[in-house]
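This report describes one protein model together with the ligand placed in it. The sequence and the structure are shown first, and the description follows.

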Amino acid sequence: MKPMLELKNVSHVYVNEKEASLAIDSLELAVLPGEFVSLVGPSGCGKTTILSLLAGLFPPAQGEVLYAGQPVSGPSNKLGYMLQQDYLFPWRTIRDNALIGLEIMGRKTPQACRAVDDLLDEMGLAGTADRYPHELSGGMRQRVALVRTLASDPEVLLLDEPFSALDMHIKLQLEDLVQRTLRRLNKTAILVTHDLAEAAAMSDRVILLGRRPGRIRQIFDIPLDIRRLLPTEARRDPGFQDIFDSIWEELEAEDGKEGADV
Ligand code: ADP
Ligand code: MG
């Protein structure tokens, strides 16, 4: 199978008036179609930079970023982004917020509107379409953000800590919902999270990054029998703790070396 996303020998330098800093160094990464990969590591190790490069927000200082074998030259509607903040527009209804991407692309057809209403129903948001963001809870708003991301039917979802502002039980529900939905639609996903259990429970592979500059420290393949489970089930699986512990130990080893500030 050919990779959906590839980083080939990618380095990135941020430059300002005072200095240039190497954010990621000689990174190699390939993500297969339908794969769910998580990026974990201490804050500042380059996770968001990697997503931004994949999204084509800016080019890398060195190396190649490929989507379906082609160089990424700018933002594309094949890639959808979901962030910690939902960025819903307060003056737009839930339906109009969910439709905004399609509207911008000139694809807001009656058919697309119906598809978005169906997605809202599937996400447990039936009856909210004509309401406004302030009337919804944080978990509901984040589900609207997911519908908005899925509405334009991207092949790849880039998820930058989308659950980290939510209460624990809402977060667990949403992890299941997102994984189930992405699997059903056969989407490829890259999740950035500081929650190691979330990474282990949701992913096929967990990539631990080290910092200064960002590089891959270790890759953890999640066993097949755990991958098949929903995240809430995976967390309860007898084999789960071992996986969690091995990622944790590796992360701790790095922190011990450089001073903790995850
Ligand atoms: P993470 O998402 O893992 O916390 P980032 O990708 O945001 O890490 O940042 C990686 C490194 O690059 C950090 O040292 C950060 O300070 C630096 N950095 C990120 N964005 C910028 C920017 N726009 N300008 C300068 N430095 C940046
Ligand atoms: Mg980040």
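Helices in this report are DSSP runs of H or I with at least four residues, numbered from the N terminus. Just after one such run, helix α1, the residue G56 takes a positive phi of about 75 degrees. The model is predicted, and every value given below is computed from it.

**Overall form**

The protein has 10 helices and 10 strands. Its radius of gyration is 19 Å, close to the 18 Å that the globule rule gives for 262 residues, so the protein is as compact as a globular protein of that length. Along the principal axes, the C-alpha atoms fill a box of roughly 55 × 45 × 40 Å. Of the 262 residues, 50% are buried. In this report, a residue is called buried when its relative accessible area is under 20%, and exposed when that area is over 50%.

| Protein residue | Protein atom | Distance to an oxygen atom of ligand 1 |
|---|---|---|
| G46 | polar backbone atom | 3.0 Å |
| T48 | N or O atom in the side chain | 2.9 Å |
| T49 | polar side-chain atom | 2.5 Å |

Taken alone, ligand 1 exposes 560 Å², and the protein buries 56% of that area.

Helix α1 is itself mostly covered, with 7 of its 8 residues buried. The buried residues of α1 are K47, T49, I50, L51, S52, L53 and L54.

Helix α6 spans residues 168-184 and has 17 residues. From its first C-alpha to its last, α6 reaches 24 Å, close to the 24 Å expected at 1.5 Å a residue. The buried residues of this helix are K171, L174, E175, D176, L177, V178, Q179, T181 and L182. After α6 comes N186, whose phi is positive, near 55 degrees.

The loop between β7 (156-160) and α6 contains S164. Is S164 buried or partly exposed? With a relative accessible area of 26%, S164 is partly exposed, because the cut-off for a buried residue is under 20%. The C-alpha atoms of S164 and H194 are separated by 8.1 Å, although the two residues are 30 residues apart along the chain.

**T193 and its contacts**

T193 is placed in the loop between β8 (188-192) and α7 (196-202). This residue is buried, with a relative accessible area of 4%. A polar atom of the T193 side chain lies 2.9 Å from the backbone nitrogen of D195. The side chain of T193 also makes a polar contact, at 3.0 Å, with the side chain of E198.

**A129, a buried loop residue**

Where is A129 found? A129 is in the loop between α4 (110-122) and α5 (138-151). Its relative accessible area is 10%, and A129 is therefore buried, given the cut-off of under 20%. A129 and I94 are 35 residues apart in sequence, yet their C-alpha atoms are 4.9 Å apart in space.

Most residues other than glycine have a negative phi. A68 is not a glycine, but its phi is positive, at about 50 degrees. This residue is in the loop between β4 (62-67) and β5 (70-71), and at 44% relative accessibility A68 counts as partly exposed. Y87 likewise is not a glycine and has a positive phi of about 50 degrees. The loop that holds Y87 runs between β6 (79-83) and α2 (94-98).

How values were computed: Residues are numbered from 1 along each chain as its sequence is written. Chains are lettered from A and ligands numbered from 1 in the order in which they are written. This is a predicted model: local features need pLDDT of at least 70, side-chain atom pairs count only at pLDDT 80 or more; totals for chains, interfaces and linings use all residues. Side-chain values use heavy atoms; hydrogens and water are left out. A polar contact is a pair of N or O atoms within 3.5 Å; within protein, one must be able to donate a hydrogen and the other to accept it, and residues adjacent in sequence count only if both atoms are side-chain atoms. Accessible areas come from the Shrake-Rupley method with a 1.4 Å probe; for residues, only the protein chains shown count as cover. Helices (H or I, at least four residues) and strands (E, at least two) are DSSP runs, numbered from the N terminus. The expected span of a helix is 1.5 Å times one less than its number of residues. Buried means under 20% relative accessible area, exposed over 50%, partly exposed in between (1.4 Å probe, protein chains only). The radius of gyration is taken over C-alpha atoms; the globule rule is 2.2 Å times the number of residues to the power 0.38.
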